[in-house]
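Please look at the sequence and the model side by side while reading these notes. They take up some helix contacts and then a pocket.

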Amino acid sequence: MVTTGDSQPTKHQEVGHKSLLQSDALYQYILETSVYPREPQPMKELREVTAKHPWNLMTTSADEGQFLNLLLKLINAKNTMEIGVYTGYSLLSTALALPEDGKILALDINRENYEIGLPIIEKAGVAHKIDFREGPALPLLDQMVKDVKLHGSFDFIFVDADKDNYLNYHKRLIDLVKIGGVIGYDNTLWNGSLVAPPDAPLRKYVRYYRDFVLELNKALAVDPRVEICQLPVGDGITLCRRIS
């Protein structure tokens, strides 16, 4: 955050801040007032461990983790999927929200990162809910789509993975989520870069994936099979409720 001469906060100089709020102080207020006091101890422990990892920007923010946990309870989710796990912060948030017999199919190309958080997940007593599969998600999704028994079998699916494949995921996930179920696509406001001017100081990866996120947002906006709501939580999340 930068300040003007009269010490009033202005927007971030660099597009790439984890929160989309223009005031760091306001975001910190949200965390300290509403998020951290309610954050389960295992999630706090995993958040602190993840913060030491060199790729920590990949993690779900604490406020979004809280949002997902409450959302899953509101929709009474039981059978879920997560594409893109990293160290498992959002995965743990989901596992804690599900009933004792709830299930999460967790897909990621990197088991090593998942194993950073696994001891904490096990200590929290929710590891039995997780079926972790290492490898690219698309081949497995293709297999699942071929099995008509799996159509409409998921209550909730959370996608926080390779942005250039989001539309490919959507084409498959729409068959696997039940009517009335929800798919959540993370990072759909992509560091605020979607409306940034051409000369904005974007990080290379932000600039590279921006067009893919723009394409996804346009496609979801006109998809008649879903109702959508795009929220400025974390780095932006779009919820898609399947209606047909």
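1. Y27, L31, S34 and V35 in helix α1 meet A62, D63 and Q66 in helix α3, where contact means heavy atoms within 4.5 Å and helices are DSSP runs (H or I, at least four residues) numbered from the N terminus, as are strands (E, at least two). By class, this contact of α1 with α3 has four nonpolar, two polar and one charged residues; Ala, Val, Leu, Ile, Met, Phe, Trp, Tyr, Cys and Pro count as nonpolar, Asp, Glu, Lys and Arg as charged, and the others, Gly among them, as polar.

2. The model is predicted, so local features need pLDDT of at least 70 and side-chain atom pairs count only at pLDDT 80 or more, while totals for chains, interfaces and linings use all residues. Residues are numbered from 1 along each chain as its sequence is written, and side-chain values use heavy atoms, with hydrogens and water left out.

3. Helix α1 (residues 24–35) and helix α3 (residues 62–74) pack at an angle of about 45°, with their axes 10 Å apart; axes are lines fitted to C-alpha atoms, for helices over the stretch in contact, and angles run from 0 to 180 degrees between N-to-C directions. The two helices α1 and α3 are therefore oblique to each other, since angles under 35 degrees count as roughly parallel, over 145 as roughly antiparallel, 65 to 115 as roughly perpendicular and the rest as oblique.

4. Helix α2 (residues 41–50) packs with α4 at an angle of about 175°, their axes lying 10 Å apart, and that makes α2 roughly antiparallel to α4. On the α2 side P42, M43, L46 and R47 take part, and they meet Y89, L92, S93 and L96 in α4. This contact has six nonpolar, one polar and one charged residues.

5. For helix α7 (residues 166–176) and α8, the packing angle is about 30° and the axes are 9 Å apart, and α7 and α8 are therefore roughly parallel to each other. Here Y166, L167 and H170 in α7 meet E215, L216, A219 and L220 in α8, a contact that divides into five nonpolar, one polar and one charged residues.

6. Which classes of residue form the lining of the largest pocket? By class, that lining has 17 nonpolar, 14 polar and eight charged residues, where lining residues have an atom within 4 Å of a point on a 1 Å grid, and a pocket is an open set of such points with protein on both sides within 12 Å along at least five of seven lines, a 1.4 Å probe being used.
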